[in-house]
Amino acid sequence: MGAVGGSIGLARKVVGTGVRVAAAPLAVVPLPSLSRIGGGKQDYFDTLRTLSQASTTGPHFEAFIDVPWDQPGFGLDKNDERWQLPGIDPLAHTDWYQSLSKERQIEVARQRMTAMTKTGSQFEQLLLLGGTQFLMGLQNENPEFRYFMHELTEECHHIQMFQEFTNRSAPEITGAPAWLLKTIPVIALLGSVWPTLFFQIILAGEEPIDHVQKNALRAGGSHPLLDRIMAIHAAEEARHIGFAHAWLEHHTPEMGAVNRFAVGLLTPLIMRIAIQIIMVPSRADAELMGIPEDVMRDTFSRRNEAFRRMISDVSADVRAGCEDAGMLTARTRWAWRKWGVDGRPSRFRGEPVSSAA
Ligand SMILES: [Fe+2]
Ligand SMILES: [Fe+2]
């Protein structure tokens, strides 16, 4: 939960005084008695209560109210020189990108930033589908329902925000590969049939998006409209990531040995796939941007130390959670190495990482 305040501070810094904060409701609806929900640690339910109240009275945003789409200075002109790749993008440091004409650099930056935004919206649509599957299985009075429904409501605004940005900045990009989009309804079923794995999938998508957005803002940002969108997203995403970690901490002690081993083995693979989808342009988008195959191969490869460090850093909080839950053990450590998401677990959630330095 420590990262929440930092992200909101970051949002305020970028969004400025225009942040619209919801008025406090006349009365915050009390959470029900926990007696029918079974055992559990009180502090977990206190966290849910805090998160639910923060979603109601804390900073929250709407795509078509809080983003200055048509305000002067925020227009998405295709030739705007403010389009530039942030320094945290491995593509920004390639000889290929550096040698492009100014016009082409602007075009690549616009399409690359839009591709990541579009992929973020596609991931969040998966989260909506799987999230409603998950909620179907909850008993009445379980406070997870109220909080997670707040989260899905926020994701609806994020999807609207990301899609509107895509429509206006680079409608020619497609985001995630078509084969993956076709599997989304099947993956979403995990929300009800294998929620522990589904929550790892949530983190595998949310952690890389959050990492890219926060570090891009810290590095000075890009186009001001995208900066505003990223700041809004980072502020709300802090709650979402906090909940996914808390849910796993609360529920993993109930897991059987086989389930624990299987999730421990699959999580690094899921992290690697999600990082690939979110951080690396798809084949179709790479072709659109005109990125040569050898540049793609060399840049987004573990042979590139900067990329290697980035994917390890992005996975640090998930590694820490898996270690605490007994899912990152001598029997599963090889899988983290194999997929390149190994490294030191973070000492606390949101610990600043080396690749962002
Ligand atoms: Fe989101
Ligand atoms: Fe989220």
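Author: What follows is a set of labels, each checked against its cut-off. Keep in mind that this is a predicted model.

Reader: Fine. What is the overall make-up, in helices and strands?

Author: The protein has 15 helices and 0 strands. Of its 357 residues, 43% count as buried. Take the contacts between residues at least 6 apart in sequence: 86% of them join residues at least 24 apart.

Reader: Let's do a single residue. Why is A115 called buried?

Author: A115 has 25 C-beta neighbours inside 10 Å, and the cut-off for buried is 20 or more, so A115 counts as buried. A115 sits in helix α4, residues 102-136.

Reader: Which residues is A115 in contact with, leaving aside neighbours within four places in sequence?

Author: Those are I173, G175, P281 and D285.

Reader: What makes the backbone of E141 worth a look?

Author: Its phi is positive, about 75°, although E141 is not a glycine.

Reader: On to helix pairs. What makes α8 and α10 roughly parallel?

Author: Their axes cross at roughly 30° and come within 9 Å. Angles under 35 degrees count as roughly parallel, and α8 and α10 therefore get that label. The crossing of α8 past α10 is right-handed. On the α8 side the contact includes T196, L197, Q200 and I201, and on the α10 side N259, V263, L266 and T267 are among the residues involved. By class, this contact has 14 nonpolar, 5 polar and no charged residues.

Reader: Why is the same label used for α4 and α6?

Author: Here the crossing angle is roughly 25°, with the axes coming within 8 Å. With the cut-off at under 35 degrees, α4 and α6 are therefore roughly parallel too. α4 passes α6 in a right-handed crossing. The contact is made by Q122, L126, L129, G130 and Q133 of α4, together with L181, I184, P185, I187 and A188 of α6. Those residues divide into 7 nonpolar, 3 polar and no charged.

Reader: At what angle do α2 and α5 cross, and how near do their axes come?

Author: The axes of helix α2 (residues 42-57) and helix α5 (residues 143-169) cross at roughly 35° and come within 9 Å.

Reader: Last one: which residues of α13 are buried, and what do they pack against?

Author: In helix α13, residues 305-314, the buried ones are F307, M310, I311, S312, D313 and V314. They pack against α8, α10, α12 and α14.

How values were computed: Residues numbered from 1 in each chain as written. Chains lettered and ligands numbered in written order. Predicted model: local features only at pLDDT ≥ 70, side-chain atom pairs only at ≥ 80, totals over all residues. Buried ≥ 20, exposed ≤ 12 C-beta atoms within 10 Å, placed from the backbone. Helix = DSSP H or I, 4+ residues; strand = E, 2+ residues; numbered from the N terminus. Contact = placed C-beta atoms within 7 Å. Axes fitted to C-alpha atoms, helices over the stretch in contact; angles between N-to-C directions. Parallel < 35°, antiparallel > 145°, perpendicular 65-115°, else oblique. Left-handed = near helix turned anticlockwise from the far one by under 90°. Nonpolar A, V, L, I, M, F, W, Y, C, P; charged D, E, K, R; others polar.
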